[in-house]
Amino acid sequence: MGSNGKRNYRTRYFLRAKSSKLHKKINLLQVDRGIGALLVVLFHLNQMSIERLNKVSLFNLFEAGWSGVDYFFVLSGFIMVYVHRTAIGKPDQFKSFLIKRTLTIYPINWIITLAVLVFFLVIPGFANNKDLSISHIFVSLLLLPQNDKPILDFGWTLIYELFFYVLFSLAIWFKPKYFVPLLSTWLFVTILHYLKVVDFGGRLFC
């Protein structure tokens, strides 16, 4: 093997090793995201136990589990940008991106929401005066913005996740020179709303 061949072999070996290392790091972040989601679930279980059974569960160890929401969203945002960064500004990838993302959310949301709905109908006492109207079931299944809790209490996190997918899909559809000003404007208005400089009235439940 000549000197050029050796250099090419070392280059390929280095790139494979680097790719494998990055892949392992991303897998670790996926595990971290799962831990964040689990903390949120345990927090909600504790809250349900307090509200409906009047007692804490698991010795109230996961009272601060709500913080897993922020942790989960930050990691999700990073992974989304890292994995799909090459699709930004390429409208031909817009459709496939949205289809793949919605398929990760909607089917499982439909299955669990309908299962919970059947449970509430069989044992109405556990519904806790929840709105079970057709319109509310509809918006809960579609994960549309709403001012009340979805049928699935922690489904509100999926609403935000879906909103982020839609926002990121716009970055894929538009060229950066168009999307960056739009995103900057949206962030600016969001900050004004957070600081109560502007008020949009009703808000998404959170």
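Author: Let us begin with accessibility: buried means under 20% relative accessible area, exposed over 50%, and partly exposed in between (1.4 Å probe, protein chains only). F163, with a relative accessible area of 42%, is therefore partly exposed. This is a predicted model, in which local features need pLDDT of at least 70, side-chain atom pairs count only at pLDDT 80 or more, and totals for chains, interfaces and linings use all residues. Residues are numbered from 1 along each chain as its sequence is written, and side-chain values use heavy atoms, with hydrogens and water left out.

Reader: How many aromatic pairs are there by the rule?

Author: Rings of Phe, Tyr and Trp (its six-membered ring) pair if their centres lie within 6.5 Å; planes under 30 degrees apart count as stacked, over 60 as edge-to-face and the rest as tilted. The count by this rule is nine aromatic pairs. One of them, F78 with Y82, is stacked, at 6.1 Å centre to centre and 20° between the planes.

Reader: How is the pair of F163 and W186 arranged?

Author: Their ring centres are 5.8 Å apart and their planes lie at 45°, so the pair is tilted. W186 is partly exposed, at a relative accessible area of 34%.

Reader: Which residues form one aromatic cluster?

Author: F73, W156 and Y160 form that cluster.
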